[in-house]
Amino acid sequence: VNVEEYISSGIIETYVMGLASESEKAEFEQLCSQHPELAAARRDFEVTLENLAFEQAITPPAGIKGKVMEAIGNPDSLAVTSSAPPKIIAMEKAKSASGISIGLRLSTAAAVVLLIGMSWLYHQIEGQNKELADTNARLIAKLNTSDSILDKIAEEHKIVSDPNVTVVNMVGTRVAPKSSANIYWDSTSSSVFLVVKNMPKLPSDQQYQLWALIDNKPKDLGVFDATDDKVILKMKNTQKAQAFAITIERKGGSPTPTLPKLQSLGKAL
Amino acid sequence: MPSTYTEQELVFALKERSNQAFGFLYDNYAGALYSIIKQIITDDNELAGDVLQEVFINIWRKIETYDQTKGRLFTWMLNIARNASIDTLRSKSYQNSQKNQELPDNVYKAIPNQTTQMNIDHIGLKKVLESLKTEHRVLVELAYFKGFTHDEIAGIMGIPLGTVKTRIRNALLQLREYLK
């Protein structure tokens, strides 16, 4: 192994910063024990990183030392150690720290800022990606809704333009003057369709119910909700009807109409 | 009992389970290790404090496994701090239900604040940033500060594994040049 070449491959930095794979680690440790110059170069970089970290040291929140000392099982030692002067005198690191040039201090600080800058850039890009993905998802959802509305409109148009279909315009009664809906009654197939135009919203335990009046007797044609607007609803079939009526009933409908709650009425002919 | 230690003496005393040596270790190294943790957990001081506590307890538990022939004590502790921070960050972001390791929104606010504290104007941030290519910056960020494996990075970035490895190594070499 050419040690110089090996060093210039970046293995030292990779190893020291904890980014080497298991096989790279094993190889590096093996070579370090054989080549003192490799171990020395590793040491140099370790000291550089260490100095950088000490330059940037941040005082930790108070109270953590107490918890740590307690956790290792001897809270008494806390008083002794915390009264000791927080000086690094005999440590090797202190020796090298005294020899740091202004240039090194500035460039180490710059490197930390650089790393933070990288982090910031990365999050910027990631944020933008997520925004685009969200917008995309919203557009797809919107398109799907629009498509289904368009289908309903096409269906409605087909029914409305059929010459066999009678249109019954339902108008509001005194209790509900603004209520309105259209009934499309296909006299050949007996099919009844309903389009909600403007029906006030009901409490969740109530629904509107459509009735056909045949010889003054009501026939149930099914229930619907105010929120079913923009949609053409297929109701129950009826062959005969002199008029249609809409009442408010409990959810699921009633066998007979609650007439005081008559909302809307329309004559078939 | 000594109130200061050389690194040799400190390691020896720690392996002998000296509480006093451990107190000394905390007093002298907690600030440097906390700065490493804060570079990874940027947005939550309380969480960073919890991680620092966990790191020191791990150092105490694992000191037997520290091998001086493989590197300096600080390098060993730095990697414990880095790994603990990344583990925390990952589990937290999983709770935040983002599959892609996304950080909470306030991270975007926290980082500019930090750079302000460091007086970026005086040390030519732009000049240094421009010297590293974007693709290098991002890879170092993912590998070192986010703890992604080279395989994962290759997947995320859509580039071959060999390229990831080469670029990270080149970026680290360049970083070292700045540190000289």
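Is Phe224(A) buried or exposed in this structure? Phe224(A) is buried, at a relative accessible area of 2%; buried stands for under 20% relative accessible area, with a 1.4 Å probe and protein chains only.

## Basis of the report

The model is predicted, so local features need pLDDT of at least 70 and side-chain atom pairs count only at pLDDT 80 or more, while totals for chains, interfaces and linings use all residues. Residues are numbered from 1 along each chain as its sequence is written, chains are lettered from A and ligands numbered from 1 in the order in which they are written, and side-chain values use heavy atoms, leaving out hydrogens and water.

## Aromatic pairs

Rings of Phe, Tyr and Trp (its six-membered ring) form a pair if their centres lie within 6.5 Å; such a pair is stacked with planes under 30 degrees apart, edge-to-face over 60 and tilted for the rest. Over all chains, the count is 13 aromatic pairs. Tyr208(A) and Phe224(A) are stacked, because their ring centres are 5.6 Å apart and their planes at 20 degrees. Tyr208(A) belongs to strand 4 (residues 206-214) and Phe224(A) to strand 5 (residues 217-224) of chain A, so this pair ties together parts 16 residues apart in sequence. Strands are DSSP runs (E, at least two residues), numbered from the N terminus. Tyr208(A) is buried, with a relative accessible area of 0%.

In chain B, Tyr144(B) and Phe145(B) make an edge-to-face pair, 5.1 Å centre to centre with 85 degrees between the planes. Both residues, Tyr144(B) and Phe145(B), are buried. Ring pairs also join Phe22(B), Tyr26(B), Phe56(B) and Trp60(B) in a cluster.

## Charges over rings

A charge sits over a ring if NZ of Lys or CZ of Arg is within 6 Å of the ring centre and within 35 degrees of the ring normal. Lys234(A) lies over the face of Phe193(A), 5.4 Å from the ring centre. Arg90(B) lies over the face of Phe148(B), at 4.6 Å from the ring centre.

Terms used
Helices (H or I, at least four residues) and strands (E, at least two) are DSSP runs, numbered from the N terminus. Buried means under 20% relative accessible area, exposed over 50%, partly exposed in between (1.4 Å probe, protein chains only).
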